[in-house]
Each structure stands twice: as C-alpha cells, then as structure tokens.
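Keep the model open as you read.

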Amino acid sequence: EVDELRVPATVQATIEARIDRLSAPAKRTLTAASVIGMRFDAELLAALGIDAVLHELLAVELIDQIRFLPHPEYVFHHPLIHAVAYESQLRSDRADWHRRLATAIQQRAPESVDENAALIAEHLRAAGELHTAYNWHLRAAGWSTSRDVDAARLGWRRAKHIADSLPSDE
C-alpha cells in the first residue's frame, strides 16, 4: 500500500522538487492519479473531472504509458514517485479524491459494482467513510463467496477490522 511506503527524506525532497516544477494542471493530474493507484487511465481521470495533462508527466518521466490501445493506460515511473505524490497532498484533499473516485467507479460501470465492491470499499475507507466502507466490504465478500473464497475471507476480515475500529456505541 502506498500509505505504508516510507520514503527517505532526501529522496522525497528530490521527487518533490521535480513535482514542484510542473504546471498546475500537471500537478493536479499527478495527485489525482496517485489516489487512483500505481496504474491509471485517462478515462478515470476524466470521470474525476480532471483535464489530464499526461504529455508533461511523460516528458519528465514521472509516468510511463504501458498500453496504447484500445484505451491508453499509464503507470508511475517508480513506486517512490507514486508514494511522494500521494503523501504530499493534504489529508482532506486526499479524502475528497478517494470519495470522488469511489463514486466515479460506481458510475463508470454500474453493471460491475459488485465486482468492484472491494475497490470501492477501500477508497471509502481511505476517505474516512467507515460505515459505508464496511457495507461495501461485506458486499465484496458476498460477491466473492462463490468465486474466490480467499477474496471473500479478505472482505470479511476488512469489514471486521473496520467494525472493530468503530466506537462501541456504533
């Protein structure tokens, strides 16, 4: 997980300096992409309302294009770049991106919400919406039960972890 990766201070300062030289739209693209994950596509950025400035990020080698057709897909050039872009955001901004991303995933493929339930749950958990994340983890576990028992167990474990972290009166 990107929030578990610790970046040495000197490396972080170097990456932050590279990010600071970007234009404002490119920085916004990079921060939104970092919330999506190590791999991302322009369609999901557009669903978040981002007018993606990918050419600038490609030119300075912060990201790489790994698929061209049918839809371009990108990846961070290095996991440390992803971690610094993610961690350099205010928590409130990052939570808002996670919340918006969970909504975008649901709207982008409404026929696949059960299949994407675990991903939606994780974005809601990162946004601080624990009750809703709990319900999505249960939904993911239920969907996975007849498909992948290990994934179902993971969903139930994550739901239990969230339930355990809630105040006892909830």
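Helices are DSSP runs of H or I with at least four residues, and strands are runs of E with at least two, numbered from the N terminus. This is a predicted model, where local features need pLDDT of at least 70, side-chain atom pairs count only at pLDDT 80 or more, and totals for chains, interfaces and linings use all residues. Residues are numbered from 1 along each chain as its sequence is written, and side-chain values use heavy atoms, leaving out hydrogens and water.

Start with H2, residues 24-36. Its 13 residues reach 19 Å from first C-alpha to last. That is close to the expected 18 Å, which is 1.5 Å times one less than the number of residues. Gly 37 follows H2, with a positive phi near 145°.

Buried means under 20% relative accessible area, exposed over 50%, and partly exposed in between (1.4 Å probe, protein chains only). Among the buried residues of H2 are Ala 26, Thr 29, Leu 30 and Ile 36.

Now turn to H5, residues 79-87. The axes of H2 and H5 come within 8 Å and cross at roughly 105°. Axes are lines fitted to C-alpha atoms, for helices over the stretch in contact, with angles from 0 to 180 degrees between N-to-C directions. H2 is therefore roughly perpendicular to H5 (65 to 115 degrees; under 35 is roughly parallel, over 145 roughly antiparallel, the rest oblique). Leu 30, Thr 31, Ser 34 and Val 35 of H2 meet His 82, Ala 85 and Tyr 86 of H5. Contact means heavy atoms within 4.5 Å.

Last, find Ile 120 in H7, residues 117-126. Ile 120 counts as buried because its relative accessibility is 0%.
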